[in-house]
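Please examine the structure shown below and follow the discussion of its architecture.

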Amino acid sequence: YYLDYTFNETLRQLRKSASDLYLPEHPRALARVVSQLSDPELLGAPNLEAVLVERLERTGIDVNARNTALDELVRLRNTDRVTEGIAALQRLDAGDAPARPVADMALLLSTDPGELAKSRATLAKLSETARQDSVRGAAFASLLVADGNPDRVWADTANHPGARAALIDSLVLLPDPAARTVFQPLLTAVLGSEDTDASVRRSALRALPLMGPEHANAGFTMLARHLREGREMTTATHAVMQIPRESWNRAQAAPVAEAILQWAKQVPAERRTTQDYVETVQAGMEMAALLPPADATRIRKGLLDLGVRVFAIKSVREQMRFDTTRIVVEAGKPFEIIFENVDMMPHNLVVIRPGTREEIGLQADKMSPEPDRRGRAYVPRNRGILTATRMLEPGEKETLKMNAPDEPGDYEYVCTYPEHWKVMYGRLIVVRDLDAYLESAANAPADAPRPAPGDPAHQH
C-alpha cells in the first residue's frame, strides 16, 4: 500500500534535471548544500552518502524514494536495512524529529522481521530512552514486527503507563492490518477496567478504529459507552468519526446525541471554535441523523444554537476517503473547514463548483508536483475551483475560511492528488435557509429514504 502508491509521484519528481547542481567535495560543506536543496533537486542529485541520508530523513520525501535511499545507503556502506534504519532513528531523536520520516522509517524497517529480531535489544532500549515521542513509537512498532505478536512488549509495559500509551499509539505505524487487530482483546480489557491510567485509556480509544472492519461494531459500542458516560468526550468523538458509518448502531445513537448536547452546553462560548469542540458537536449532529424526526430536530437545533459554522474534516487511514462526506451551509454566509490529514499519504481538500470534479481531477492528474504561487500542488487553474488547501503531509492540518456561494446547489470538496479525485470527495450543500432545510428533512414522509450518517443532518 505505502511503497506502491507514490511510484508515479516519484517519477514526476525525477523529471527535473540535476545537471546544474554544484555539490562540493568537503563533507561538511556538502551536508550544508544538500540540506538546502529543494525536494525535486534532492531527488535528482547523485547518490552520494549525504544526499541519501537527507532523502531518508527529510519531511516531504515520499516513502518510495525513502525506501530506495535506504537500499542505496546499505549498498554504499555495506551494512543492512535495520542498521541504517535504527541509525536514522537515533539521528532523528537527537534533533527535532518530524513525525513523517519517523513513521516511514517504521514502515521500511517492517519489511524484514528476521533482521529486526537480531536488533531487538537496541530497539527495546530506544523505546525506553528516546526523547522524541515519534521515535519511541517507531521503536515500539518495530519491536512488534520483530516479535510477531504483542505479548512480550505488552507485558514489559504493564507497570509503565507512559510506555503502554506510547505502545498503543504506535499501532498506527504497523502496515499489516492483521498485526493491529490482535490488539482488540487487549484494548477491550484496558477500556473495561476502571483502574486504567487516563493516558492509556485515551490511546486505547484512538486505536479502536484501527482494529479493522470485523471489530468496527464492537469499537463503536465501546466509544458510544464512553460518550454516554461523558468520559474522554473529545478523544472518543475523534475516534468514532473514523468508524465506518455502516457500523454505527441506531439504538445507541439517541443517548450519545443527548450526552453530546449536554456536554456542548457546558463549554464556554469562547471555546466553541476549537477543533475539539467542532468535532464533538459534529459527531452529535451525525448521531442525530439516526434518530426519529422530532428527536433529530431537537438535537440539531440545540447544537446549531450553540455552535458556529466551523466543520472538521479528516482523511481516514487506508480508506481513501474523508471522514465527513456531506456538509451543509447557508448561501452567502461565512464558514470554515478544518482539514486534517491523518492518513499516511498526502491529501488536500479543494472546494469546487457542481459538476466539475472530473474535469478538475483529469487536469490535476497531468500536473507536475511543483506548487503554485500559493504553495498548492495539483491545484489546476480552473474556474470551477472556489478554494483549496495545500497538499498536506501526514499529521498536518489547515483551515479554509470562505463565504458560501450565493447560489444554492450541490457543490463538492475533493482531494486532487493524482487519481484520488475518483473516490475521495464529499458534498458541500448550499441552501437558502438551514433551519428550513433541516426541518423539511426531519418531516419527510415515513417511507422516504432516511438520511444516513454523514448526510446534511450533521451540520452545525
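This is a predicted model: local features need pLDDT of at least 70, side-chain atom pairs count only at pLDDT 80 or more; totals for chains, interfaces and linings use all residues.

Residues are numbered from 1 along each chain as its sequence is written, and side-chain values use heavy atoms, with hydrogens and water left out.

User: How are H10 and H12 oriented to each other?

Analyst: Helices (H or I, at least four residues) and strands (E, at least two) are DSSP runs numbered from the N terminus. Axes are lines fitted to C-alpha atoms, for helices over the stretch in contact, and angles run from 0 to 180 degrees between N-to-C directions. Helix H10 (residues 133-147) packs on helix H12 (residues 161-169) at about 70 degrees, with the axes 8 Å apart. Since angles of 65 to 115 degrees count as roughly perpendicular (under 35 is roughly parallel, over 145 roughly antiparallel, the rest oblique), H10 and H12 are therefore roughly perpendicular.

User: Which residues in H6 does H4 meet?

Analyst: Helix H4 (residues 49-57) packs against H6 at about 70 degrees, with their axes 11 Å apart. H4 and H6 are therefore roughly perpendicular to each other. From H4, Val-53, Leu-56 and Glu-57 meet, in H6, Ala-88, Arg-91 and Leu-92.

User: Is Glu-84 buried or exposed?

Analyst: Glu-84 belongs to helix H6 (residues 81-94). Buried means under 20% relative accessible area, exposed over 50%, and partly exposed in between (1.4 Å probe, protein chains only). With a relative accessible area of 4%, Glu-84 is buried.

User: With the side chain of which residue does the side chain of Glu-84 make a polar contact?

Analyst: Not counting residues up to four places away in sequence, Glu-84 touches Leu-70, Leu-73, Val-74, Arg-77 and Thr-79. A polar contact is a pair of N or O atoms within 3.5 Å; within protein, one must be able to donate a hydrogen and the other to accept it, and residues adjacent in sequence count only if both atoms are side-chain atoms. At 2.7 Å, the side-chain partner of Glu-84 is Thr-79.

User: Which are the edge strands of the open sheet of 5 strands?

Analyst: Two strands pair if DSSP finds at least two bridges between them. The sheet has the order S2-S8-S7-S4-S5, with mixed pairing. Pairing on one side only, the edge strands are S2 (326-330) and S5 (385-388).

User: Which residue in S7 stands opposite Val-351?

Analyst: Strand S4 (residues 350-352) and strand S7 (residues 409-414) run antiparallel and are joined by 3 bridges. Ile-352 stands opposite Glu-412 in S7. The S7 residue opposite Val-351 is Tyr-413.

User: What is the bridge partner of Pro-334 in S6?

Analyst: An open sheet of 3 strands has the order S1-S3-S6. Strand S3 (residues 334-340) and S6 run antiparallel, joined by 7 bridges. In S6, the partner of Pro-334 is Asn-403.

Methods:
Contact means heavy atoms within 4.5 Å.
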